[in-house]
Amino acid sequence: MGILESMLALLGAIESDAVTVNPARCISVRHLRAQCQRCVDSCTTGALAREGSELVARPELCIGCGTCAAACPTSAIETAALSDDALTSMMRTSVKATKGHPVFACEKAVARYRDALDPAQLGREVAEVKCLGRLDESALAGLAAYRSFDATLVCGDCENCPQAPGGAQVRKIAASSQGLVRAFGSAMDIRITDQMPDHCLTGVSTKHGLFRREKAAAAPSPASGMDRREVFSSAKNAVTTQAADLAAEALGIAQVPEEPPLKNRVGKINSEGTLPQFVPSRRTRLYNYLGHIGAPQAETVSSATIGTISIDAEKCRQCRMCATFCPTGALRRLNGEPEPAAATKAGEYRRTAPNKLASAALDGSGAPSTDIPAEAHSAAADIPPSAAAEYGLLHRPAACVQCRACEQICPVDAITVSDTIPLAEFMGKQAVVFRMTPPVWKPNQPDSMYLKIHEVIGPELEMCMF
């Protein structure tokens, strides 16, 4: 099975009520050479895994932790169990309840401190997630935007935890986020520890350093507002419906939705010569939060999810296929033809002023807004006037998600992606124009074949063919 079929089968298998998938956003689906497998590498339960050279999905193992969704650079995978909006709500609640000392804890850490935690603290001071790998840069930057003094991430024993990939992922994200918020003037300290903060505990200290409390009343049933009769009735209806579906399928009368054609799942090349492009809303949240923290105070910024590129002019063939497959439009084709007097050497870089990705906004309480403009979900179609006359490539790091697809699919390895970005480029005040030599022939013209042959084999051999 090829990588495309393997990835489509993998993504299709994990689609469920807890996880939603958009295959057209998957880097490996968009181009065979990309081979991004971050979702597999980050999976905490083996629901996504490798077996030899094959990728396999075991949806029955999925716990909806969302670590794969946080790892995916293009948001091809999203978790319904803990969406970005739900995570933002938990973040705001913890910041308010702790007066600027929010706490996130994985379920293993919460289980360890179960007898020491006040039930009222869970969901308020302590935001419980299945795995801290669900946190991303935008979530941690959001804590700083809400003026937190510090942020505590409480992990269980990651070394012996079956969800260890999530622990490794959150440590990388925490280090990147710490650098980002410091670059924008925040003094918030992000700390990863196995100790629950004292302000989240209650009771009498014991010899083990923990606290004991009286057993609380049983938590309310998840079926809030229903009595026992209604709960059993609901369960009976669910079982009956499932049995009916199974029976219909066995009799061959089940309505199985027809699988859409492959081209509809991957996407079509548009008039600009690229696959569909988009900017994940998570990226816009990150920039809104950073803008609310304060003015940047560094010359360069490092990030685990934003990158900039360089192109080796001696290797580059000027095919510009990197722009065709760029998922966010961070790489754009420039098709202008400058006048000969304005033409410059191919391979030269020039900075220009692009349009910004999004502007920071405030809600009514003075906090950063989480309402993402609709236009932020798709790459802007316009090109800055200062670059429109150029021929080559335009790169906007502000829209780059560091998926490294351009680096991997380049046939001559001419592209290098860096995670250290000059501040002006990071903030969207500048983009990079990589100048190329305009072709001397035009496709689909009456003399296009003649001009192309003339360019490739030269006038001497050309005379032998006509």
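Predicted model: local features only at pLDDT ≥ 70, side-chain atom pairs only at ≥ 80, totals over all residues.
A residue is called buried when its relative accessible area is under 20%, exposed when over 50%, and partly exposed in between (1.4 Å probe, protein chains only). Residues are numbered from 1 along each chain as its sequence is written, and side-chain values use heavy atoms, leaving out hydrogens and water. Helices (H or I, at least four residues) and strands (E, at least two) are DSSP runs, numbered from the N terminus.

**Helix 7 and its cover**

- Nine of the nine residues of helix 7 (residues 137–145) are buried, so this helix is largely enclosed by the rest of the structure.
- The buried residues include Glu-137 and Ser-138 as well as Leu-140 and Leu-143.
- Among the elements covering them are helix 5 (84–97), strand 5 (103–106), strand 7 (150–154) and helix 11 (281–293).

**Helix 5 against helix 7**

- These two helices pack at an angle of about 30°, with axes 10 Å apart; axes are lines fitted to C-alpha atoms, for helices over the stretch in contact, and angles run from 0 to 180 degrees between N-to-C directions.
- Helix 5 is therefore roughly parallel to helix 7, a term for angles under 35 degrees.
- Leu-87, Met-91 and Val-95 of helix 5 meet Ala-139, Gly-142 and Leu-143 of helix 7, where contact means heavy atoms within 4.5 Å.

- Four strands form an open sheet in the order 6-5-7-8, with parallel pairing; two strands pair if DSSP finds at least two bridges between them.
- Strand 6 (126–129) and strand 8 are the edge strands, each pairing on one side only.
- From one strand to the next, the twist averages 20°.
- Strand 7 and strand 8 pair in the parallel sense over five bridges.
- Asp-150 stands opposite Asp-189 in strand 8.
- Helix 8 packs on the sheet, touching strand 7 and strand 8, and its direction makes about 165° with that of strand 8.

- Thr-152 is found in strand 7 and counts as buried because its relative accessibility is 5%.
- Leaving aside residues up to four places away in sequence, Thr-152 touches Pro-102, Val-103, Phe-104, Arg-191, Thr-193 and Pro-197.

Terms used
Parallel < 35°, antiparallel > 145°, perpendicular 65-115°, else oblique.
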